[in-house]
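Subject: Structure for your files, with notes

Dear colleague,

I am handing over the structure below, and my notes on what was found in it follow directly after.

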Amino acid sequence: MSDKPIRILYIDDEEHNLHSFKATFRKQYDITTTISVIDAEEMLETHDFNIILADQRMPVMTGVQFFEKIRDRYPKIIRILITGHTDIGAAIDAINKGEVFRFIDKPWDYTYVENAITHAYEIYKTREDLKQRNIELQKANEELDKFVYSASHDLRAPLMSVLGIVNLALLEDDLQSQNEYLELIRKSVKKLDTFIINIIDYYKNARGVPVITDIDFEELITEVQATIQYLPEYGNLKITSTIDQKGLFRSDVMKLRIIFNNLINNAVKFQDNTKSEPYINLKVEASPTGAKIIVEDNGAGIREIDQDKIFKMFYRAGATNSGSGIGLYIVHEAIEKLGGTINISSVYGEGSIFELNIPSINK
Amino acid sequence: MTLIDIILIDDSAFDLFIYEKLLIKSGITRTVKTFNSAREALKYLTTEESRLPETVILLDLQMPDMNGFEFIEAFGSVSEEIKSKIRIFMLSSTIDSRDIEKAKSSPDILDLLPKPLEIDLLKRKLAI
């Protein structure tokens, strides 16, 4: 059960019933009472109740009539009828028209009422949870749909490019152009491979079991740097790193590697060739509470209109030189899973600064 | 055979390179203009307007910023003069049935050609 007490509306024209109910249960539940069905309807407009208890015999309308009236408008609220003398006709009406969950006999018995309320609330809660799950499921399905659509494009497009190049190469006798075509095929295959690796990273990040270990940032960054310096786009880029690690920092090394890999890769890919000294500065301050990581570059920068969209799945900011738009999405997911945050400040044409704050997972 | 003017719109530098070469090699065209952004291509069409020769556009579908369908939507509001000179084919690797349906039902798209482009197919579609 949640920490909030169960919210109950109780309607009975006999005021002493309301008083005694309130006196008995006020510590357990959040109780609102009224002697009038008209007031009750107004309360339903403005308040959020889990359960309604109504007396059957009331002036203006009976409890069943009242339930029948409000049923469609407030289907979530569980209805319990309190009745003194039940005849079979009223009982049938209560079930068929009022769709009540329980009857409570007057004079009511404490345990019986408590039981009825507990069960009613369980039903309320289960229905709400189910609704919530359905919404989440629908969202997950939509995302999956989008994922399959975009992923199939990103898997197929480089293959079709290769096929196009092969078709073209078959028309060509000149050996020199053949080599040029092979080079294009190589690039296209490389692009496809990068995408597949990204998808696997994404999957591991989303579904994999996190493995929390002591993190050595020095080692991690050296490792990531080693894979990056062989990239054809690397050029004369300078990467400097300042690492200040005091005490143990614990986290999921897989996710951290994905984060560093993507951020540094992007900085390499989007370096500004018109600048004489392209650089990436990495700064890490780590302690047993958390790590602050800064990745700063003097690359192409990110347009202001793109800055809040770059973490979206398959969003590609640039028309040229861009990847599939999944890298920063994975970074964002990984950081979120680690309970951290990422902020970006960037000036288009000047460079970008990514600032990450990631808590240490001490367990 | 009369040579046709062709505009290629594709965010992939590879594909622009490949299809420009292929089209020129095929002998159906002498000039291929390439755009890696649909927005830029649209700007070109509207600024050229009266100077525009009769042109066939090969339009990619999935592109950042403005995709193929968004281009078609924006193309809907260009002048009649431009429209009368332009024939658009969508050229895409998509196998998504919704995309195919949408492309086939659009009055501004003559047809959806699969990637990689086959010159013979294009020739047949252009009846040359």
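In chain B, 67% of the contacts with a separation of 6 or more are between residues 24 or more positions apart, where two residues are in contact if their C-beta atoms, placed from the backbone, lie within 7 Å. Please bear in mind that this is a predicted model, in which local features need pLDDT of at least 70 and side-chain atom pairs count only at pLDDT 80 or more, while totals for chains, interfaces and linings use all residues. Residues are numbered from 1 along each chain as its sequence is written, and chains are lettered from A and ligands numbered from 1 in the order in which they are written.

Chain B contains 6 helices and 5 strands, these being DSSP runs numbered from the N terminus (helices H or I, at least four residues; strands E, at least two). Along the sequence, they follow one another as β-α-β-α-β-α-α-β-α-β-α. Of the 128 residues of chain B, 34% are buried, that is, have 20 or more other C-beta atoms within 10 Å of their own, with C-beta atoms placed from the backbone.

The 5 strands of an open sheet in chain B are ordered β2-β1-β3-β4-β5, with parallel pairing, two strands being paired if DSSP finds at least two bridges between them. At the edges, pairing on one side only, are β2 (32-35) and β5 (111-114) of chain B. Strand β1 (residues 5-9) of chain B pairs with β2(B) in the parallel sense over 4 bridges, and B:Ile6 has B:Val32 in β2(B) as its bridge partner.

Turning to chain A, helix α7 (residues 217-228) packs against helix α8 (residues 253-269) at an angle of about 45 degrees, their axes being 10 Å apart; axes are lines fitted to C-alpha atoms over the stretch in contact, and angles run from 0 to 180 degrees between N-to-C directions. α7(A) is therefore oblique to α8(A), a term for angles that are not under 35 degrees (roughly parallel), over 145 (roughly antiparallel) or 65 to 115 (roughly perpendicular). Among the residues that meet here are A:Leu220 and A:Val224 in α7(A) and A:Phe260 and A:Ile264 in α8(A).

As for the two chains together, 22 residues of chain B are in contact with 19 residues of chain A.

Best wishes

Methods: A residue is buried if 20 or more other C-beta atoms lie within 10 Å of its own, exposed if 12 or fewer, and partly exposed in between; C-beta atoms are placed from the backbone.
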